[in-house]
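Subject: Structure handover

Hi,

Here is the structure for you to look over. My notes on it follow below.

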Amino acid sequence: MARRKTSKRKKPFKKKNVGIPFYMTGKETLENPCYICGGKVIYTGNEIVYKEPKGLGMCYYCTDCKALVLCKNKKEKLDDGTFIYSPQGILGDKETRQLRVKCHQILDTKWRIQSTMKRSTAYRKLAVGMGIPPETCHFGWMNKEQIYYALDVLVLTEWTRNRFD
């Protein structure tokens, strides 16, 4: 009797607390000062930065250094019963936001050209190249120094050859 082949499925990466605050909820974002300058963070419409609203039209905005993060389509309930949208990542100044866009363009180009690679695989390989846990490898969760490092890895190394299994 022939043995049945079993496929070796990889276990999905689970998000877990890895000891660094790589993500904050909307409530935590509002309760804490801006990590860049220590200024006050408000929840407001993003037309204060852009001529026309982007995405959901809401953002978290530092009134001092003008850093912001847009919101994703996930609501959180505050203690007073009102609802707010969750942030897509952490606050970023203009330069950081531009670098995040550039990193996304490079990463997306790489995984789309190599049709055998999925987007999640590209992020895991980048995480290996950066030496960080895969569950924290998201451009929206990176500060300016981390984004510069990610850009170096994307441009200067053969990160697509990294093995993660």
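Buried residues make up 36% of the 165 residues in the protein chain. Keep in mind that this is a predicted model.

**Overall layout**

The protein chain has 4 helices and 4 strands. Along the sequence they follow the pattern α-β-β-β-β-α-α-α. Of the contacts with a separation of 6 or more, 51% are between residues 24 or more positions apart.

**The cores**

The largest nonpolar core holds 18 residues. Cys-103, Leu-107, Leu-126, Phe-139 and Met-142 touch the most other members. Three helices each supply at least two residues of this core: H2 (94-113), H3 (119-130) and H4 (144-156). A second, separate core has 10 residues. Among them are Cys-34, Val-41, Leu-78 and Ile-84. As background, nonpolar side chains tend to be buried together in soluble globular proteins.

What is Phe-139 in contact with, leaving aside its neighbours within four places in sequence? The list is Arg-100, Cys-103, His-104, Leu-107, Tyr-123, Leu-126, Ile-147, Ala-150 and Leu-154.

**H2 against H4**

The axes of H2 and H4 come within 10 Å and cross at roughly 25 degrees. Angles under 35 degrees count as roughly parallel, so H2 is roughly parallel to H4. The crossing of these two helices is left-handed. On the H2 side, the residues that meet H4 are Glu-95, Thr-96, Leu-99, Arg-100, Lys-102, Cys-103, Ile-106, Leu-107 and Lys-110. On the H4 side they are Lys-144, Ile-147, Tyr-148, Ala-150, Leu-151, Leu-154 and Val-155. By class, this contact of H2 with H4 has 10 nonpolar, 1 polar and 5 charged residues.

**H3 against H4**

How do the axes of H3 and H4 cross? They come within 10 Å, at roughly 105 degrees. The range 65 to 115 degrees counts as roughly perpendicular, so H3 is roughly perpendicular to H4. H3 brings Leu-126, Gly-129 and Met-130 to the contact. H4 brings Gln-146, Tyr-149, Ala-150, Val-153 and Leu-154. The residues of the contact of H3 with H4 divide into 6 nonpolar, 2 polar and no charged.

Ala-150 and Leu-154 are worth a look here. Both are among the H4 residues that meet H2. Both also take part in the contact of H4 with H3. Phe-139 is in contact with both as well.

Ile-90 sits in the loop between strand E4 (83-87) and H2. Is Ile-90 buried or exposed? Its relative accessibility is 13%, so Ile-90 counts as buried. Ile-90 and Cys-34 are 56 residues apart in sequence, yet their C-alpha atoms are 9.5 Å apart in space. Cys-34 is one of the residues in the second core.

Lys-66 lies in the loop between strand E2 (58-62) and strand E3 (68-77). Its phi is near 70 degrees, a positive value in a residue other than glycine. Lys-66 has a relative accessible area of 45%, so it counts as partly exposed.

Glu-31 belongs to helix H1 (residues 26-31). At 55% relative accessibility, Glu-31 is exposed. Glu-31 and Val-41 are 10 residues apart along the chain, and 8.0 Å separates their C-alpha atoms. Val-41 is another member of the second core.

Best wishes

Definitions and conventions:
Residues are numbered from 1 along each chain as its sequence is written. This is a predicted model: local features need pLDDT of at least 70, side-chain atom pairs count only at pLDDT 80 or more; totals for chains, interfaces and linings use all residues. Side-chain values use heavy atoms; hydrogens and water are left out. A nonpolar core is a set of buried Ala, Val, Leu, Ile, Met, Phe, Trp, Tyr and Cys residues joined through side-chain atoms within 4.5 Å. Buried means under 20% relative accessible area, exposed over 50%, partly exposed in between (1.4 Å probe, protein chains only). Contact means heavy atoms within 4.5 Å. Axes are lines fitted to C-alpha atoms, for helices over the stretch in contact, and angles run from 0 to 180 degrees between N-to-C directions. Angles under 35 degrees count as roughly parallel, over 145 as roughly antiparallel, 65 to 115 as roughly perpendicular and the rest as oblique. A crossing is left-handed if the near helix is turned anticlockwise from the far one by less than a right angle, and right-handed if clockwise. Ala, Val, Leu, Ile, Met, Phe, Trp, Tyr, Cys and Pro count as nonpolar, Asp, Glu, Lys and Arg as charged, and the others, Gly among them, as polar.
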